Amino acid sequence: MKYAYMTALLFSCLLTHLSAQSNLKAGVAYFGHTLTHPGGVLELELEREFSERASLPFRIDLGYYRHARNHDGLFLDAHIGLRQYARSGFFWEESIGIGILQTMLNGEDGVFEVGEDGTVRRGSVFNQPDLMPSVTLGLGWDLTHRQDRKTLLWLRPKLYWQYPQKLVSVYHVAVQAGFSWQLR
Amino acid sequence: MKTHSLLLLLCALIFGACNKSEFLTEGDYFHLDHNGAKLPVWVKGNVDSGVFIITVHGGPGDSGHEFPLSKGFKYLEEDYAVVYWDQRFSGLSQGDPDDSNITPELFIEDTEKVVELIRHRYGDPTLFMLGHSWGGQLSAGYLGRDDHDQLFNGWIDLDGSIYGALEAQIMKDWILEQVPGKLNEEGSDKAFWQFVLDWYEAHPAPDNYTDQEPYFFADALDGYAYDWERTQELNPVPYHELIFSSMFSLAYYVSGLTTDQSWADDLNFTPELAQITIPSLLLWGKNDGAVPAAVGDYVYEHLATPIADKRLVKIDECSHAPHYDQPEIFYQQVVEFVEQYQ
Amino acid sequence: MYFVLFCILVAGPGQGRAQKQINLGAGYFGAGRSAPGLVLALELEPFQSESFSSPTRLNLGYFKDPDYGVAFLDLHKGFRKYFRSGLYLEQSVGVGLMATYYDVDNLYYFDRYRNSIRFKEGANISVMPSVELGIGYLLGDTQTSQNRIWIRPRIYWNLGFRNLAFPYAAIQAGFSHTLNAR
């Protein structure tokens, strides 16, 4: 699985070098780990437009969230997928992504290590960084439809994996809601 | 209008996140980092009592976070501090520790570190250990070595394993004793019960953990929950809070102990039992099919605790989890024991 | 929610008056190392530009593991990017149903991760989400070619048996023919 997603990454890089009409957007969103555990995500998106109706967005997300008594997550991942617009400005999208997730233990009383001799000392909250493949679907509106610069409002459920964890991988679900606006 | 709707949705999400449940507010919550695994520890209940019950969960691969969902442990928390924690590769534990050396000793070492941490953080309180199922076996392994039992005022063995090969046979007897009745029962799934007989004929000496079929057979005989509907009524699961406002995440459903469990098959902690001398309460469901009550007899017989300080209680209309099936009796027995020996 | 979004995705906007091809394909489907099979693919491919399309593909497949046989039907949506050389790359996400026919002498089936199921005789139906990447090549003149070959690695899940932490991998390699010329 790891190698399949590494292939996806290479795939993404290749496609972003294609020439076509494109726009660059920045975005910001609420990121809810299992919906309610709050966080935020910043995104930078290069959207290659192949027609009025379809585009190939390449997106880099930088996000952070806190799941109390579980973990905090800091991630950087890249996505590539398909976005299709309706005349009304409504759009849907799908993308697959790959990135790095750095998790930190979240327990309000901290992390401890107990030595061989029984001495207790504070430990690090940091887990090892994990690979973070993901699949994201999305719905949204282009509020400035048919104008020069786009402003998009969107809702994106994201399913992502944390690999390796507990000898295998664990999976998470998140909902992102935000907007992005065209820089150029 | 669209913008307003989205803003309202965002507010609802943020409000939902701020509305914290008892899972996020009650007790102390911290992690133990040991040998590559990050083990969550939740100390909940009446800390001021100065009496701490350190639980050891079952499986291998289940979670200590299941205990506080039961009514039995909710009652206990009113009187004592209860320590819930997840073993490596299990429940809400994190990290990706080395898998090349999964041994019972590693789990015993984790248990030892949790105990040391509790003693250190709470000023050497009065300690009891409570192990359930596989946790019973693990706690026996821990208490019976290096005089660990002397750190505790008592041990509560709740339907606990002890000797894998023996248990597999006891479990077989328990199952086969009931199959003829099931075969003759009107409307029963005769093909299934015949399959059970055939399976045991083909597997006369099953492994305790590697062979999974006996656990399904035991479940079909209500060996896990005596009356599932009643158990659910007694212990309603707060799904909304668990999903949206608790420490639980989907990672909970992934156990890392998914491959070879033969390391746990041949475990025999009978020699460790012979080293445990502290007061002990052996609490068993009479209808336990996973670790049948006859295992309780075996533990009672081999435990070195003086007769006056050990007791075996078998509970009617109760299977593998007395804290779910018979929470009042569970609570009453544990409180009586703790009050006597604290 | 994922399923609803996916339905909108497949049936949703964006097809417009784009020029559409219908492609019919067949290929080898290999799940893991020991489960060979076949897949048929019927595809509606609307072109958004000369070099970019957004195909919707219906896959019908069968493969045989030593312990079970699987028939599946799923729907994929994604994009395809063509190059002048005739080479193309594609990506899609999909969801469908799989019917597993177990062939073991037991009432239960266990995998090597200790996942288990008490299966029934005949079809055991479950949900099958999947993700595919692909690389393909148009045979002959790229402007008029009606034939193509492709390789599509697939990651899929059998949600009636394993959870999302335990995916399966498969490789597909095949040939497609365009039924209506562009």
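Buried means under 20% relative accessible area, exposed over 50%, and partly exposed in between, with a 1.4 Å probe and protein chains only. Helices (H or I, at least four residues) and strands (E, at least two) are DSSP runs, numbered from the N terminus.

This is a predicted model, in which local features need pLDDT of at least 70, side-chain atom pairs count only at pLDDT 80 or more, and totals for chains, interfaces and linings use all residues. Residues are numbered from 1 along each chain as its sequence is written, chains are lettered from A and ligands numbered from 1 in the order in which they are written, and side-chain values use heavy atoms, with hydrogens and water left out.

**Stop 1: helix H15, chain B**

Select residues 327-341 of chain B. This is helix H15, with 15 residues. From first C-alpha to last, H15(B) reaches 21 Å, close to the 21 Å expected at 1.5 Å a residue. The expected span is 1.5 Å times one less than the number of residues. Now colour the buried residues of H15(B): B:Pro327, B:Phe330, B:Gln333, B:Val334, B:Val335, B:Phe337, B:Val338 and B:Tyr341. An α-helix has 3.6 residues a turn, so residues three or four places apart point the same way.

**Stop 2: helix H4, chain B**

Go to residues 104-121 of chain B. Helix H4 has 18 residues and reaches 26 Å, close to the 26 Å expected. Its buried residues include B:Phe107, B:Asp110, B:Lys113, B:Leu117 and B:Ile118. After H4(B) comes B:Gly123, with a positive phi near 65 degrees.

**Stop 3: the cores**

Stay on B:Ile118. Contact means heavy atoms within 4.5 Å. Leaving out residues up to four places away in sequence, B:Ile118 touches B:Phe30, B:Val41, B:Val43, B:Phe52, B:Ile54, B:Val83, B:Pro125 and B:Leu127. A nonpolar core is a set of buried Ala, Val, Leu, Ile, Met, Phe, Trp, Tyr and Cys residues joined through side-chain atoms within 4.5 Å. The largest has 69 residues, and B:Ile118 and B:Trp155 have the most contacts inside it. Apart from that core lies another, of 34 residues, among them B:Trp42, B:Leu130, B:Val335 and B:Tyr341.

**Stop 4: helix H13, chain B**

Select residues 293-302 of chain B. In helix H13, B:Ala293, B:Val295, B:Gly296, B:Tyr298 and B:Val299 are buried. Among the elements covering them are strand E6 (154-158), helix H6 (164-184) and strand E8 (310-315) of chain B.

**Stop 5: cis prolines and positive phi**

Find B:Pro60, in the loop between strand E3 (51-56) and helix H3 (71-79) of chain B. The peptide bond from B:Gly59 to B:Pro60 is cis, with omega near 0 degrees. Switch to chain A. A:Tyr163 and A:Pro164 are also joined by a cis peptide bond, with omega about 0 degrees. A:Pro164 sits in strand E10 (residues 151-165) of chain A.

Next, pick A:Lys166, in the loop between E10 and strand E11 (168-182) of chain A. Its phi is positive, about 50 degrees, although A:Lys166 is not a glycine. Because its relative accessibility is 1%, A:Lys166 counts as buried.

**Stop 6: chain C**

Chain C has 1 helix and 11 strands. Of its 182 residues, 56% count as buried. Select C:His177, in strand E11 (residues 168-178) of chain C. C:His177 counts as partly exposed because its relative accessibility is 30%. Leaving out residues up to four places away in sequence, C:His177 touches C:Ile22, C:Asn23, C:Leu24, C:Gln146 and C:Asn147.
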